[in-house]
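Subject: Structure handover

Hi,

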Amino acid sequence: MKNQLTRRNFIQTAAAGSAALTWLGGRSGPNVFAADADKPAVLGGKPAHTGGWPKWPEWRQEWEAQVLDVLRSGKWSRAGGGGPVPEFEAAWAKFLGVKRALATSSGTTALITSLHVVGVDAGDEVIVSPFTFNAAYNVILNQRALPVFSDTDPATLTMDPASIESRITERTKAILPVHIYGMPCDMDPINAIAKKHKLAVVEDACQANMAEYKGRKCGTLGDLGCFSFQNSKHMPAGEGGAVTGMSDDLLDRCHSYHNCGRAVGTFKGHGSFTRGTNYRMQHFQAAMLLQRFDCLQKETQIRRDNSSYLNAGLAKIPGIAPARLPENSSGVYYLFPFLYDAQQFNGLPRAKFTRAMGAEGIPCGAGYGEQYNDGIIDEAINSTGYKRLWSADRLKTYRESFNELKGTKQACETVVCFSHSLLMADRSAMDDILTAIRKIHAHSAELAKKA
Ligand SMILES: *Cc1c(COP(=O)(O)O)cnc(C)c1O
C-alpha cells in the first residue's frame, strides 16, 4: 500500500505538476533538445517535458450566470419540483441514449441507491471487480452485503467474465462491473451470466462518462448504471452522481429511495412511503452540469485522440504494453494506464520508474493496490453484524479466497498511470511522454543501480 497513490494523492501530485496552462493552451515552440537530452533527468539530463500540464477542473466565466441564477432564486433544492436538477436528468438520459436518469448527491450514493433498488439486502452477496476505487465495494458493505471479488483480466484491467460463475452462491443478488479508468468491461458475457442466474447488473460507470461498448454507452448496458460528477471526474460539479436505466419501475424506485421514500410515478411504496434516505442533488450542481455537455464532448475527443496516439507509441517500446480494450469499444481514460514490465527495464522497480518519470516532468504513479487487504473488509467481516449474517466458516473461506484471485495482483504490480489532465495537453506533450519512457528504457541498467 505504501507506494500506491490514492486517488486524492494522485490528483494532488498531478496538480503539482500543472502550472498555469489553460486546458487548450498547449506548449509553444518546437522541441529543442540539448546535447544531453537523451539522458534521463534523474541522471542529470534535461527533463523531457517542461511547462507543466493543463489544470483540472477548469471553469468558464460564461457559467457564472446560471450558478448565480440559482443563488438568487432562493430555490436551491429540488424539493417542490422543477429547476435545473430535473432538467439535467432529462438531458443526461438523452445524451446517453437511455430512458431515464436520476441525479444524486454523488457516485457513491448513486451506487447505494441502485443496489438497494435491485434488492441487495443484508446477508446478500454481490460480485465485483477487485481492481477498483474502494467506493465500488464500500457501497456493497453499506448494504451489509458481501463483496465477492471476480478475477481480473491483467490485459484489460477489468472483471474477467470467465471467473464470475464460480463465485455465484444462493445468496448472490447482483454483479457490479467497474469500467475502470473509463475502459469498458466486456459486458456481453457479464449480462449473459446475469440473465442465466437471474442476477441484477449495476454498472459502475463513475470513471466512464461517454465510454462505449459495441456502439452503446457505458452505464446503459446493465439494469442500472451509476455515474460520478465528483471534482476529479470528467464532468465535474464538485460532487454529484446519477443513476440511469431503461426501466421506469426501477427508476421510480430509485427516485423514491433517494427522496426520503416519497412515492414516485407508479411506485407507491406502502401507502405513500417506502424506506428511503436523502441523496438529492442540489440545483447548483445541476446548473454546472447543464453547461458542461459541450466541454465533455470536446474534451473526450481530445482524450481519445491523444490516448490512441500514446497507445500506438507505447506499443513500440519494449517492456511497455497499452491496456487492451474489448473489441468494438472505446475508452475515455479517467486515468491513463499502461503496463510496465520491470524485467525488460533491467529490473528497474516500478517505483523508481515512476520517480524517474516525475523528474522528466511527467507526474505518474502506480494504479490501484490490492485494496481488499486494506482493512476495510476485515473491519466489516469482523463486525457483530456480519458475524450474525454469515457463518464463521463462510467468512473464513471468503477471506482466504482473496489469496486465490487471479490477475489482480499482476494488475496491481504492473500498472503505471497518470491523470487525464495530461491527456488534455497538445500532441508535442504526448511526444514528451514517449520520449521520457524511451530515455528511461535506454538507461534502465544505470537507473536500476542508482539508489
Ligand atoms: C469516483 C468513483 C466512485 C464514487 O463516486 P463519488 O462521486 O466520488 O462518490 C465510485 N466508483 C468509482 C470507480 C469511482 O471512480
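Predicted model: local features only at pLDDT ≥ 70, side-chain atom pairs only at ≥ 80, totals over all residues.

**Ligand site**

The shell around the ligand has 16 residues. T108, D204, Q207, S228 and K233 come nearest. By class, the shell splits into 8 polar, 5 nonpolar and 3 charged residues. Which helix gives the most to this shell? It is α4, residues 107-117, with 3 residues.

- D204: a polar side-chain atom lies 2.7 Å from a ligand nitrogen.
- Q207: an N or O atom of the side chain is 2.8 Å from a ligand oxygen.
- K233: a polar side-chain atom sits 2.9 Å from an oxygen of the ligand.

How much of the ligand does the protein cover? On its own, the ligand has 380 Å² of accessible area, and the protein covers 96% of that.

**Strands β1 and β9**

Strand β1 spans residues 100-104. Of its 5 residues, 4 are buried, so β1 is largely enclosed by the rest of the structure. Its partner here is β9, residues 241-245. The two run antiparallel and are joined by 5 bridges.

Is T244 buried or exposed? Its relative accessible area is 0%, and the cut-off for buried is under 20%, so T244 counts as buried. Its side chain reaches the backbone oxygen of G219 at 2.7 Å. G219 is also on the contact list of T244, once neighbours within four places in sequence are set aside. That list includes R100 and A101. Among the others are W92, L96, V98, D223, L224, G225, F227 and L251.

**L296 in helix α9**

Helix α9 covers residues 293-314, and L296 lies in it. L296 has 1% relative accessibility, so it counts as buried. What does L296 touch, beyond residues up to four places away in sequence? The contacts are W92, F95, N209, M210, H234, M235 and R303. H234 is worth a look. It is 62 residues from L296 along the chain, yet their C-alpha atoms are separated by 6.8 Å.

**The open sheet**

Further along there is an open sheet of 4 strands. What is the strand order? It runs β10-β12-β14-β13, with antiparallel pairing. The edges are β10 (320-322) and β13 (365-366). Each has a single partner strand, so one side of each is left without a neighbour in the sheet. β10 pairs with β12 (residues 335-340) over 3 bridges, in the antiparallel sense. Within that pairing, I320 has Y340 in β12 as its bridge partner.

**T354 in helix α10**

T354 sits in helix α10, residues 350-359. Its relative accessible area is 13%; that is under 20%, so T354 is buried. Leaving out residues up to four places away in sequence, T354 touches C364, G365 and V416. G365 belongs to the range given for edge strand β13.

Best regards

Technical notes. Residues numbered from 1 in each chain as written. Heavy atoms only, no water. Near = heavy atom within 4 Å. Polar contact = N/O pair within 3.5 Å; in protein donor to acceptor, adjacent residues only side chain to side chain. Areas by Shrake-Rupley, 256 points an atom, 1.4 Å probe, with all protein chains shown as cover. Nonpolar A, V, L, I, M, F, W, Y, C, P; charged D, E, K, R; others polar. Buried < 20%, exposed > 50% of the residue type's maximum accessible area, 1.4 Å probe, protein only. Pairing = 2+ DSSP bridges. Contact = heavy atoms within 4.5 Å.
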